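Let's take a friendly walk through a protein, with its aromatic rings as our guides. Have a look at the sequence and the model first.

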Amino acid sequence: MRSVNGFVLPLLIGIGALVVTGAPSAQRADDQPVSPAVVRAANDRFAGVWRLVGEETRDTTGETVARGPNANSGGRFGYIVYDPAGYMGVTLSWLKRPTFAGPQPTPQEALAAMSTYNSYWGSFAVDEARSIVTHQTFGALSPSFSGTNQERRYTISGNQLTLQPPTSANGDQRTLTWERVPDLSNLTLMHRKLIGFWKLISFERRNAKGELSSVDSPWTGFLVYTASGHVMVHMMQPYRRRNVGLSPTPEETMATYRSYTSYFGPYTVDESETSVVHHLAASFNSGQVGTDFQRAVEFMGKRLTLKPPVRKDSDGNDVRTTITWERLSD
């Protein structure tokens, strides 16, 4: 039995506007601009939801390399979403993840959670001449990964997509294989209005009189609804500091944990088409997996407003949360 959670994140302090200047313009290998029609055709080949179905690493001799330190976590599952407008997001989670002994993790528990989950979001550009797709990260779980360009050699064959990061320093080559997830056959009007990429605009909490009950620090993020019936959420505080050393200190670990959140799973629309429920199949906070987030839905132009159920604050007063998003997709 899933429980209905009235609030997106127990660790969420506040969210603000995300400035997105648009997906990067594509260029040919000879640095000549590519026409918008060619860019759109390339993006359309990637557009949709892809589910991770295989991954392997081979050394310079072609031999399979043994799995890493999380080999006992039972493997990974993940999804990557591409939008024709040039935006993308990816979530990867190990099947077996640690749980927290208390309501908040210790630095050791937080570090274990981060080592068994990964996600980032941003834009993408396709170089068909070189068979390279570049992910420009707007945000990521790892502070050092945010704001970077990640090249992946790709092949698309039928319903399968393979992505290969650059070879490692010792020559090892990792390959991830993804399979396209089909669209739902019974998309409603609400589905069609939700489907696409949305950027975070504002996050408000108000009391029963409609008065602003708190002032939140800015967060940034993407919300993604897909035609396959899946939802993906990425949110983080901007201007996070990168870790000083190769391994994070306890303070750096907790700062990363508190400044980022992400989840993924199917969503359903109620019969009245006035609310949506997010069913969490994977979450940065492993304690949220299997729970449901219910949201009342309102549309106004290119804006989408999601309202979780009313909650009680520490003094027992009603608090209404409103999260506003703006459409990025066409």
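Both Tyr 225 and Tyr 267 are buried, where buried means under 20% relative accessible area with a 1.4 Å probe, counting protein chains only. Their ring centres lie 5.0 Å apart with the planes at 70 degrees, so this pair is edge-to-face. Rings of Phe, Tyr and Trp (its six-membered ring) pair if their centres lie within 6.5 Å; planes under 30 degrees apart count as stacked, over 60 as edge-to-face and the rest as tilted. Tyr 225 belongs to strand S11 (residues 220–225) and Tyr 267 to strand S13, 42 residues apart. Strands are DSSP runs of E with at least two residues, helices runs of H or I with at least four, and both are numbered from the N terminus.

A word on the model: it is predicted, so local features need pLDDT of at least 70 and side-chain atom pairs count only at pLDDT 80 or more, while totals for chains, interfaces and linings use all residues. Residues are numbered from 1 along each chain as its sequence is written, and side-chain values use heavy atoms, leaving out hydrogens and water.

The whole structure holds 18 aromatic pairs. In one of them, Tyr 79 and Phe 264 are stacked, 4.3 Å centre to centre with 20 degrees between the planes. Tyr 79 counts as buried at 14% relative accessibility, and Phe 264 is buried too, at 2%.

Now zoom out. The protein chain has 4 helices and 19 strands, and 48% of its 330 residues are buried.

Key
Buried means under 20% relative accessible area, exposed over 50%, partly exposed in between (1.4 Å probe, protein chains only).
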